Amino acid sequence: MADGASSSGGARDGGQSEVIDYGRRSTTCGYCRSSRPTSISHGMWANSLKADDYQALLDRGWRRSGCFVYKPEMERTCCPSYTIRLKANDFICSKEHGRVLKKMQRFLDGELDPQAGSPQCKASPTKRSLSEPLNSPTSKVSKVTGNEVQAATCPISKDDEFTCWLSSKINEAIGTCFQGGILGSTVQLPKAVVKTVKPQVKKKVGVQENEVGVQDLVYTCNVSFQIVAAVKRALPKENGANQTEALADLSPNSVAEKLAMTMERLGKLDGFEVKACNGHLNFYLSANPAMRNHTGVVPAQASDNSSRSKQSSVNKVSMKHPQKRKSLEIRMSTSHFDPEEFALYRRYQTKVHKEKTVTESSYRRFLVDTPIVFVPPKSGDNTVPPCGYGSFHQQYRIDGKLVAVGVVDILPKCLSSKYLFWDPDLAFLSLGKYTALKEIDWVRTTQEHCPSLQYYYLGYYIHSCNKMRYKAAYRPSELLCPVRYEWVRSDLAKPLLDKSQYSILSDYATMQDETHQPQICGPSDDSSSKGDQHESHSDDDDEDFNDYESEMMVDEELVDSEKADTTESGSCINDIENITLHLNGSKVKYKDLQQMFGPIERRHLNALEGQLRRYAEVVGKELSDRMVYCLS
């Protein structure tokens, strides 16, 4: 067994791939938690693998764990595992994925509390009317009552003196308009909270309101909705005819218009104009340039009408005090041992997967060692991506701190995602989903430099394991048929998998009416030898199931090897005669074995033939002829 790549040859030039010790393995299953060795797979160790060859193995259902390459024996294993992939340019971002991206953006912008995992102004969000034009998932408003806030206080933007001053002016107008109560009600009216209008909300308002000067919209307040709601709750249910008619005329629009007129009459809104828009009080920069020049010094008046004033800079007029923004950096390096990465991996495994012991040697075997031969980029060569081909670690750093590591293989047609581990303290960021989205985006971007690299491989999809079904949420995905090695859309394969956890997915057409047969996705290789080579982290649930399966962590002491049955038949000698064998330092075709080494006992020859036939069957004849099989 090798610790890593044993050859420096390229994916298209250089030495051959070398594998050793093919056989069947049976282990306990980490998905169904079986107590017996019910997880059955084909397996072999790889001394070296060219990128092209490992791509071909992926497209026949194989996968690696360190230098060990394995493929579930689908008919016998307890939890059949189907290779799943996604064409990056066809990816459709779901609402859940959009929420994950926005959550990360809010965290980087300093608007997400890392302790609570929720917006810093979460408190009790105020329910808004469906008719509000400023209803947006990005605007955050806290519920404020008269008992919680005083006239000249702004609980959301304490640091922003101007919005606090503007809130006090609205409260002054409320007192002037409704000092005798509304419709006989003496309910204590809510206090105003002014919010800065974000650019995306400006765009929405501009479309709905058809306002030419919407870009001058700076602040808004929805207190009119709160006033109407408070009055209607306070009035008795049985009203007189006059009161019922008056109540029907009471609306956020009418209240906002009355408040806007009152504020204009009271004056002293230097540099701003107030307008009532669909129940909102909107504040625009004044159309008069001379008035805009006065916004550097904004008069502020407390509720006691004292003559004190407060200074506010132009920046405070146009925006809130910015939070210190965090920086996110993604670094990619070839697979190697990094003590900082191992420390994060150990924290992740012990806290998330509850492992008691995490050793450096097991980490190296699992995530550092790789048989894939690195291929460096070549200037002007669009067949190799800028990073080259091979195994890589993608580091995600926030303000320099390592928060996640994605272990990936970059191959001629895909980025194959192998494993992810992340900082348990940042679980609320759904880093599994976020990094998957970034990897998809990486494929899209890299395809511009390397057109053949189009796919994102997510590992195995296990329909019988509910925790593994999340991968089908990355749409439109495809599953690999375990018999014909054709790619079938996940939605078409689902009815078959609902009936039986092991299915020949390319048989889905037999379930359709002939007039409604969808198109098969694959095979994508034009190879004439069909059957030998075919190329190619729920939306309403906030729980993040690690977003990557706990890949098969192979430990030689835990693996039960079952060499191929020497009595198997069904393949003729022609299927194995061109397999290259590595024996005693020499390479020889199987058909020339006895010519080079002399006569071999029939029983030994039968055992070797049985092993090579099974190997050629599961690897594919073309690939078995191309790789070197090492005899121990």
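**Strands side by side**

Nine bridges tie strand S13 (residues 390-398) to S14, and the two run antiparallel. Keep in mind that this is a predicted model. S14 itself spans residues 401-411 and is mostly covered, with ten of its eleven residues buried.

**S14 and S15**
- On to strand S15 (residues 414-422): eight bridges join S14 to it, and these strands run antiparallel.
- Val 408 has Ser 417 in S15 as its bridge partner.
- A hairpin links S14 to S15 through two residues.

**Tyr 470 in a loop**
- You'll find Tyr 470 in the loop between strand S16 (455-461) and strand S17 (477-480).
- Is Tyr 470 buried or exposed? Tyr 470 counts as buried, because its relative accessibility is 5% and the cut-off for buried is under 20%.
- Tyr 470 and Lys 433 sit 37 residues apart along the chain, and their C-alpha atoms are separated by 9.9 Å.

**Glu 609 in a helix**
- Glu 609 belongs to helix H15, which covers residues 602-619.
- With a relative accessibility of 10%, Glu 609 also falls under that 20% cut-off, so Glu 609 counts as buried.
- The side chains of Glu 609 and Tyr 590 are joined by a polar contact of 2.7 Å.

Note on methods:
Residues are numbered from 1 along each chain as its sequence is written. This is a predicted model: local features need pLDDT of at least 70, side-chain atom pairs count only at pLDDT 80 or more; totals for chains, interfaces and linings use all residues. Side-chain values use heavy atoms; hydrogens and water are left out. Helices (H or I, at least four residues) and strands (E, at least two) are DSSP runs, numbered from the N terminus. Buried means under 20% relative accessible area, exposed over 50%, partly exposed in between (1.4 Å probe, protein chains only). A polar contact is a pair of N or O atoms within 3.5 Å; within protein, one must be able to donate a hydrogen and the other to accept it, and residues adjacent in sequence count only if both atoms are side-chain atoms. Two strands pair if DSSP finds at least two bridges between them.
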